[in-house]
Amino acid sequence: MRERGRAAGASVDERYAQWKSLVPVLYDWLANHNLVWPSLSCRWGPQLEQATYKNRQRLYLSEQTDGSVPNTLVIANCEIVKPRVAAAEHISQFNEEARSPFVKKFKTIIHPGEVNRIRELPQISKIVATHTDSPDVLIWDVEAQPNRHAVLGVADSRPDLILTGHQDNAEFALAMCPTEPYVLSGGKDKLVVLWSIEDHISPSTTETKSPGSGSSSVKQISKVGGVESPSVGPRGVYQGHEDTVEDVQFCPSSAQEFCSVGDDSCLILWDARAGSTPAVKVEKAHNADLHCVDWNPHDVNLILTGSADNSVRMFDRRNLTSGGVGSPIHKFEGHKAAVLCVQWSPDKSSVFGSAAEDGFLNIWDHEKVSKKKDRVGTRMPNAPPGLFFQHAGHRDKVVDFHWNAFDPWTIVSVSDDCGSTGGGGTLQIWRMSDLIYRPEEEVLAELEKFKSHVLTCSSKS
């Protein structure tokens, strides 16, 4: 068993060395940042500044510690180099053990318990929700929160608001609504719970509450980690799963519609206007636990799911089932371990990413599945249909990633490196070369121009 582990470690190192040698060719820009403690979540915050060669932006991370120091929610300032600025030879010259000069810690919040999931409110991205190992969802105004020093024995920071309503721990399933200040959560109690942050400011009346909600939202005080904070109850509690709810997502065009996935292998669509039972329940959406779900912001008919069966599936909500079980339009099978995170690209409606326990972050284009003459497919004859880029910069499971809404084709990703390097994690901010995703004719024309330029230069010399 030990020999097998050693061999696996060697193959990871070989794969990583090969990837690093290709960085100048595959990437327009890449920053590698060593984390002392693993971060289970990473999210982009608001953009702070635009300059000639780079932009500055907030980045939300966490520190999952061993108890020798407190768990924290970290607000960092990030410098993102603009496209076609970084020199190819520079981006591959980084030390894996070093911190990146592009990522600077700005503020630390002492979090009551470990941070499993971070989600920002799209309309006001300084408002952040976190999940820990408790039934509550914690809401933070990260700009107003004081900066704290993370030392053993220090008191927890005080959340700005606590959302109550779960009957058991809610650890991972968390989403913020793109159109309203709504928060959605799922937990071990098999429930999906909906809140409005506005109920903290003015408790909702019966008229404004979502129909079908069983409990009222009344202002109260709750305690978390020994600290008291104001709290609100839910607008709606939704029952339909038969096991832990692992992920939730709002419909991009409606605050009243959302979906959830769980360890019961089900994908459920909900409509708050129609009551607290499922609008559509898709049994056997996968052949194993479902870990993640995302709803396409460009085409609200398309939903992605990722599972412990190592695959990503794409469903059309107009035609979700066949013969009583899930009937996906496509199955994307390129991972060799459980898929932990899926997310549609904000830059192109057919593109999405998937991160898995195999250490890869795959970028897919579902439009390429049906095209026989797939440009990348000809270069990668064994590539699964639709896969056109594979980020192999992490040496352990990729636990989260997030597309950047301000800087096109730019991604932040984090891996938990406890299994490979014995601790800590790796944060990478990266953007693939635009020669990979731009239209083929455009790329060939540019390369032809470059070729003639090189030939001209060489003939002069």
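Two strands are said to pair if DSSP finds at least two bridges between them. With that term in place, I turn to the structure above, which is a predicted model.

Four strands form an open sheet in the order 2-3-4-5, and their pairing is antiparallel. Strand 2, residues 43–50, and strand 5, residues 103–110, stand at the edges; each has a single partner strand, so one side of each is left without a neighbour in the sheet. On average, neighbouring strands of this sheet are turned by 25° against each other, direction ignored.

Within this sheet, strand 2 pairs with strand 3, residues 54–63, in the antiparallel sense over five bridges. Here Gln47 stands opposite Gln57 of strand 3.

Which strands each supply at least two residues of its lining? They are strand 2, strand 6 (117–120), strand 10 (174–176), strand 16 (245–251), strand 20 (290–295), strand 26 (339–344) and strand 30 (398–403). The volume of this pocket is about 870 Å³. Its lining comprises 42 residues, and those nearest the centre are Arg43, Glu120, Pro122, Gln343 and His402.

Finally, I consider another pair of strands. Strand 12, residues 191–196, pairs with strand 15 in the antiparallel sense over four bridges. Leu191 stands opposite Gln239 in strand 15. Gln239 belongs, with Val237, to the uncovered face of strand 15, residues 236–239, whereas Gly236 and Tyr238 make up the covered face.

How values were computed
Residues numbered from 1 in each chain as written. Predicted model: local features only at pLDDT ≥ 70, side-chain atom pairs only at ≥ 80, totals over all residues. Heavy atoms only, no water. Axes fitted to C-alpha atoms, helices over the stretch in contact; angles between N-to-C directions. 1 Å grid on protein atoms, 1.4 Å probe; cavity = no way out; pocket = protein on both sides within 12 Å on 5 of 7 lines; lining within 4 Å. Points joined across faces, edges and corners; volume = space filled by probe spheres on them. Buried < 20%, exposed > 50% of the residue type's maximum accessible area, 1.4 Å probe, protein only.
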